[in-house]
Amino acid sequence: MSTRPQLKLLAVLPTLLASAALALVPCGRALAQGGGEPGGQPQAAKPMKLSELRRAACMLRREGKLSAAALAFEQILRRLKRTSRLRRPIALETAQLYMVMNKPYMAVAVYRREKDVIREIATLLAIGTEKRAKEALTIARLEGYKVGEANALHALGQTEEAIKVLDRAGRSGLERKGELLLAAKRYKEAAEAFATCEDFYGEAVAMELVPNPDKAKRLYEDAASRIRLNLKTEAIPRFKQARELFKSAKGGAAAESARLFMAQCYGEVAGLFRKLAKCYAGAGEKQKAIKSAQKAEQYLKRQRSTLEDNGLDKYGRKAAEQMGVNKAISEVSEELTSYQSLP
């Protein structure tokens, strides 16, 4: 892939970062304007420190100056060593910024440079064009990534071929195989695939469609137990860790990154509670379904509030829309109403 767009962006970075540099760096340090002898030539500008550049990037992002923020993040990535612990989180923030800017192929470029094949292929497929699906297929085959190959084939309308590929993907492809079989309305085969990888939730959904309501009910009960365990041992502890990280951050870029991570964790917990509500509804436990859906809605609203930073983050407002948080809140509200109407 050509790197010309990135080179053009980086060429104008100093100009676009000027306002941020003036606000964050002592006068004359980042932008040496007339700093020489009286009547002499201005001194050459010293490059901003990475910490200063990161603060500038975060400030520009909050203000909604997304193009300039992206340039700053790109400059940071250029200067960071491959072994730096900051490289991966900065790359992920940069890619997400491009997604919010509705420039998904720029996010693909970030993932490609970072050799993040899974996200690269997922983003190519999310673009939703035949051209990008074919590109994803080529990359997946070159990398030997069977699940990505199957997803690309499915996007190209070759679902049967995708299922055959997943047969060669081992255990890692069984869950996706079940999902594709569901999409093809081959419910019994889907249930078998989910059962092999012990995906109780997927198997319950398939059995509900077979239909085999009694078995589906038992599977929903098993799935609920597993989701509760996930919440208790993984998702909620991770969210609490993110919250403590945010509280301990002393402002600046560290606090901004921690806030975005906390929003991500809110979303993860919300998704699990939403799934749990579906399990309880399938198991015939109305009140537990209602309570879980209410918690899902609560966590989604906290995710939106955290992203938007109480309306102060212009990027966060766009991110909540692009990431589907607002849509998810509406959907959970509808699901809650349906659970309340259960007998």
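At 24% relative accessibility, Arg186 is classed as partly exposed, a class lying between buried (under 20% relative accessible area) and exposed (over 50%), computed with a 1.4 Å probe on protein chains only. One network of salt bridges with shared partners joins Arg62, Glu256, Arg259, Asp309 and Asp313.

The structure has 28 salt bridges. Asp309 pairs with Arg62, with the closest N and O atoms 2.9 Å apart. Asp309 sits in the loop between α17 and α18 and Arg62 in helix α4 (residues 50-62), so this pair links distant parts of the chain, 247 residues apart. Helices are DSSP runs (H or I, at least four residues), as strands are (E, at least two), numbered from the N terminus. Another salt bridge joins Glu130 to Lys134, at 3.1 Å between the closest N and O atoms. Glu130 and Lys134 are separated by about one helical turn because they are four residues apart in helix α9 (residues 130-143). Glu130 is exposed at 52%, whereas Lys134 is partly exposed at 44%.

## Basis of the model

This is a predicted model, in which local features need pLDDT of at least 70 and side-chain atom pairs count only at pLDDT 80 or more, while totals for chains, interfaces and linings use all residues. Residues are numbered from 1 along each chain as its sequence is written, and side-chain values use heavy atoms, with hydrogens and water left out.

## Largest pocket

The largest pocket holds about 1,600 Å³ of space. A pocket is an open set of points on a 1 Å grid over the protein atoms alone, where a 1.4 Å probe fits, with protein on both sides within 12 Å along at least five of seven lines; lining residues have an atom within 4 Å of a point. The volume is the space filled by probe spheres set on the points.

Its lining has 39 residues, with Leu92, Gln96, Arg119, Gln264 and Met323 nearest the centre. Helix α16 gives the largest share, 11 residues. By class, the lining has 22 nonpolar, 10 polar and seven charged residues.

## Cysteines

The structure has zero disulfides (pairs of cysteine sulfur atoms within 2.5 Å). Cys58 is buried at 3% relative accessible area, and Cys279 is buried at 0%.

Key: Nonpolar A, V, L, I, M, F, W, Y, C, P; charged D, E, K, R; others polar. Salt bridge = Lys/Arg side-chain N within 4 Å of Asp/Glu carboxyl O.
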